[in-house]
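This report considers the aromatic rings of the structure shown below, taking their pairs and then the charged groups beside them.

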Amino acid sequence: MRDNCGCTRCRHPATLERILDPLSVPSDLDAASASITDAGALQVVWQPEDHVSDYESDWLRAHRGGTHARSQRDPAPVTWGAELSEAMPGADHEAVTGDDSTLLHWLRLLRDTGVAVLRGTPREPLSVLALAALIGPARATNFGEHFDVVSKPEPNSNAYTALGLLCHTDLPNWERPPDYQLLHCLENEAKGGDSILVDGFRAAAALRRREPAAYRLLTQRPIDFRFQDRESDIRFRAPTIALDETGAVKEVRFNFAVMDAISAPAERIGPLCRALRAFAAVVRDPTLECHYRLSPGELLIFDNRRVLHGRAAFDPSTGRRHLQGCYVDRDQLLSRIRVLERQAPPQ
């Protein structure tokens with residue numbers, strides 16, 4: 001509690017960062033007295049330094065008994081399956097950009113569900129970066145600050161072909177893959193190319209129920225991922241399913257396209273391959289697949305470390321299909337939500 005004193009001797013009033021030197025606090029510190037101020041704050045007098053600290057009731061409530069954790073910061077995710085095909089959460093671009101309460105509602109949907117659509121967006125090239133700015137600056141990768149999802153003559157990713165794509169997460173070969181992916185539809189006249197989305201949290205829970213040994217193995221054994229082209233060679237090893245300190249799933253890395261050869265003792269390769277096939281079968285379960293066709297002027301955004309995405313093959317000869325994409329960080333999204341919540345009028 002002494003470390004969290006908010007007075008101007010301990011914390012800068014403008015930056016709100018600590019200026020207290022922790023070694024200046026006596027090691028034999030003790031609370032000489034504690035009382036409630038007229039404003040309802042807890043006031044503690046610390047000895048032997050004779051320092052007075054006030055603690056607001058909201059701060060004490062938020063930090064009681066270590067509860068300043070997931071329940072305070074990040075509500076439990078709302079998982080989904082095929083039913084989302086008929087009920088994609090979303091909002092209108094004009095409403096979101098014109099009203100902070102609507103923006104806050106849309107961002108909370110995105111945080112909790114992991115996927116949302118923004119309809120009626122401008123169809124000009126590079127609008128995706130302006131749309132990302134509703135959350136924060138775009139995160140650049142080896143594909144640049146933004147990327148064009150079109151069929152190219154010399155692609156450096158399967159995304160830049162007309163092939164169908166198995167459901168996957170992007171860039172698992174990075175130590176920290178991008179958090180949220182934005183896909184802005186500029187044109188979509190080609191036959192085929194519908195998007196497929198799978199909630200990785202629900203898929204992981206299904207695997208745990210159906211094949212607990214496979215689930216356990218995928219949370220423990222790292223997989224090698226590698227992307228390489230003429231300019232990049234980016235590699236990382238990590239488990240397919242990552243758990244947080246409570247044992248809940250916090251991340252899924254699943255992408256056969258950039259999975260490298262399995263590096264493990266011979267006796268472990270067979271069980272690991274079977275576990276990966278078991279998870280692939282769960283991800284392909286029709287009851288978990290959301291199918292959605294993007295229309296021009298729609299922006300699809302999803303949690304890339306939770307939601308697996310893919311697409312049906314499309315025929316470029318039947319029309320043009322052009323999406324522009326970028327990534328933004330979760331830290332920016334959660335920060336935007338908190339700032340909007342601070343500014344919201346009291347209920």
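## Aromatic pairs

In this predicted model, six aromatic pairs are found. One of them joins Tyr55 and Trp59: the ring centres are 5.7 Å apart and the planes meet at 35 degrees, so the pair is classed as tilted, because planes under 30 degrees apart would count as stacked and those over 60 as edge-to-face.

The two partners of this pair are described by their relative accessible areas. Tyr55 has a value of 2% and is buried, whereas Trp59, at 28%, is partly exposed.

## The Phe254–Phe279 pair

Phe254 and Phe279 form an edge-to-face pair, with 5.0 Å from centre to centre and 80 degrees between the planes. Phe254 belongs to the loop between β14 (249-252) and α8 (266-283), while Phe279 lies in helix α8 itself; the pair therefore ties together parts that are 25 residues apart in sequence. Phe254 and Phe279 are both buried.

## A ring cluster and a lysine

Phe143, Tyr160 and Phe227 are linked into a cluster by ring pairs. Tyr160, a member of this cluster, also has a charged neighbour: the charged end of Lys152 sits over the Tyr160 ring, at 3.9 Å from the ring centre.

## An arginine over a phenylalanine

Which residue lies over the face of Phe314? Arg321 takes this position, 5.2 Å from the centre of the Phe314 ring. This placement meets the distance criterion for a charge over a ring, because CZ of Arg has to be within 6 Å of the ring centre.

Definitions and conventions
Residues numbered from 1 in each chain as written. Predicted model: local features only at pLDDT ≥ 70, side-chain atom pairs only at ≥ 80, totals over all residues. Heavy atoms only, no water. Phe/Tyr/Trp six-rings, centres within 6.5 Å; stacked < 30°, edge-to-face > 60°. Buried < 20%, exposed > 50% of the residue type's maximum accessible area, 1.4 Å probe, protein only. Helix = DSSP H or I, 4+ residues; strand = E, 2+ residues; numbered from the N terminus. Lys NZ or Arg CZ within 6 Å of the ring centre and 35° of its normal.
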